[in-house]
Amino acid sequence: MPNKKMSLRKRIKRPRLLPKAPTGIQGLDEITVGGLPKGRTTLVCGSAGCGKTMFAMEFLVRGAQQYGEPGVFVSFEESAEDLAQNVASMGFDLKALAARKKLLIDHVRVVRSEIEETGNFDLEGLFIRVGLAIESIGAKRVVLDTLEALFGGFSNTAILRAEIRRLFEWLKQKGVTAVVTGERGDGTLTRHGLEEYVSDCVILLDHRVANQLTARRLRIVKYRGSVHGTDEYPFLIREKGISVVPITSLRLDHTASSEVVSSGVPTLDQTLGAGGFYRTSTILISGAAGTGKSSIAGHFLAESGRRGERSLYIALEESQSEIVRNMKSIGIHMAPLVAKDILRFHVSRPTAQGLEMHLASIHQIIIEYRPRVVVVDSITSLLSMGSAPEVTSMIIRLVDFIKMNGITLVMTALTDAGGRVETSYVNISSLVDLWLMLGNVENNGARARTLSVVKARGMGHSNQTHELVMSKKGVEIKYDAVSGK
Amino acid sequence: MIVTSSTKVPIKKRPSPAIEYALCLYVAGETPKSLSALANLKRICSEHLEGNYRIKVVDLRKNPKLARDHQILALPTLVRQLPSPIRKIIGDLSNTERVLVGLDIKSAK
């Protein structure tokens, strides 16, 4: 087959890529296109409490558990017991790994008061020690956390710097993939300029507080010989380790489904060219208070319940019982679905937790419950917290995550009475495949609800403004336009 | 007297209350630094301690485990095991004054 030959030749011609060691840290291998440079040293720097040690430890634990690469953790600060305790909260059992010779923790104590310097010295003792640790378990990964503690132990920095340079060279010769952590300095990446010695890969972690909300960020400052994402990526430290959430995925390769599912409102399906919602698409329903946003979302949930598909209702404004009662009034019965666990509620006020924690808990429940449909009601209440760009990025991350998992997402958004579109929604709108705008029209002393399709990717749709009627039997779309009659 | 950890001759356990200073020098092979540290140490001891000492040399190349067990980073390291408390001095011991201060030895009269 000529085709096969072609692709083979192509494969041979492709330049050899830098070998990489996957970190196993959620999201990071995506940004780094495969992981950290294999057999080289990566510097991870940041201020106190930014998650350097967690990062380094997860790199080792994942390496040992998932990639069959044993690791040595050389700790200059915390004892092995303290470390084990600190990461136990992330579900890492260091003692078990150590017992299986997959992990070795070596606590190097550096105390200046007991050291008197009398002439020329080197750090060969440290080399011998790390070398022995590497050999004893056949380590492929090494962490030095944090090497800068040495600067507190020795006053002859000229010798120290020469030795650190030698140490990095030596690690390279050993062929181990190393992570070295460093404390953020004033105007420099690390307090003692470790970045001078690490030329292959530098990752900066940041931890900042804005509007009383903490946000962790990760940025790849440098990655020689490799493409990488250059943005600042938010990351979380969760129960199951670090999770870096790319704001915009490097790859947009979630498969677009052409399968159509009913919206649950037959008359709405008729106004949409495809005859319903595309599966795995993202639907935004915006409108002023009381225009029927939640009702349409409710119909869709009930419909997927009828198909026997699990759905998740992320309620950010009302309680579960309120929603169930209100839906019942328009003929949508949610209680039986909840009883069968086909519908689950995740009720939480965004202000109760930080943005990051909020996102994390949503991630968690989606991973556990694996729904086919997710409703977020409403994203406006997310906007009430934090500055808008932050919230937008959080929503983008959520949408990305949901899309990658093949879930159909319905978001509602509250607009002011005039139906004016908030600028933040404009940002989100690029992610949205189908946008329904609901409104109110005063007509001869009566208030009429309206629906129009602002945008519908991949389908023809009606350009009219339709009347939306809500009754005990639910939502109905009247095909004739209210305005322009 | 000088005892090397690598010598096969068992270390004579002489209970000698007369010896006040028990010193241990950690090195890694016979490097110029370790040789000059040992020479400096011998000279300083003979000049200031009048036979009231014992020097043990530990080669971490032969006993790498001890680097961890004894928390040795820099080489050469001299450890004063006796009298307590333990004291550590690093370097080739070329600065006699600092060695004396580090070992807390009162200069010979």
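Guide: Let's start with A:Arg370, which sits in the loop between helix H13 (355–369) and strand E18 (373–377) of chain A; helices (H or I, at least four residues) and strands (E, at least two) are DSSP runs numbered from the N terminus. This is a predicted model, where local features need pLDDT of at least 70, side-chain atom pairs count only at pLDDT 80 or more, and totals for chains, interfaces and linings use all residues. Residues count from 1 along each chain as its sequence is written, while chains are lettered from A and ligands numbered from 1 in the order written.

Back to A:Arg370: its phi is positive, about 50 degrees, though it's no glycine. A:Arg370 is exposed, with 12 other C-beta atoms within 10 Å. (Buried takes 20 or more such atoms within 10 Å, exposed 12 or fewer, partly exposed anything in between; C-beta atoms are placed from the backbone.)

A:Val33 also has a positive phi, near 55 degrees. You'll find A:Val33 between helix H2 (28–31) and strand E2 (36–37) of chain A, in the loop, and with 16 other C-beta atoms within 10 Å it is partly exposed.

Chain B brings cis peptide bonds. One joins B:Leu75 and B:Pro76, omega about -10 degrees, with B:Pro76 in the loop between helix H2 (65–69) and strand E4 (77–82) of chain B. Another runs from B:Leu82 to B:Pro83, omega near -5 degrees; B:Pro83 lies in the loop between E4 and strand E5 (87–90) of chain B.

As for surroundings, B:Pro76 is in contact (C-beta atoms within 7 Å, placed from the backbone) with B:Leu25. Beyond four places in sequence, the contacts of B:Leu25 also include B:Ile55, B:Val57 and B:Leu78.

Conventions
Contact = placed C-beta atoms within 7 Å.
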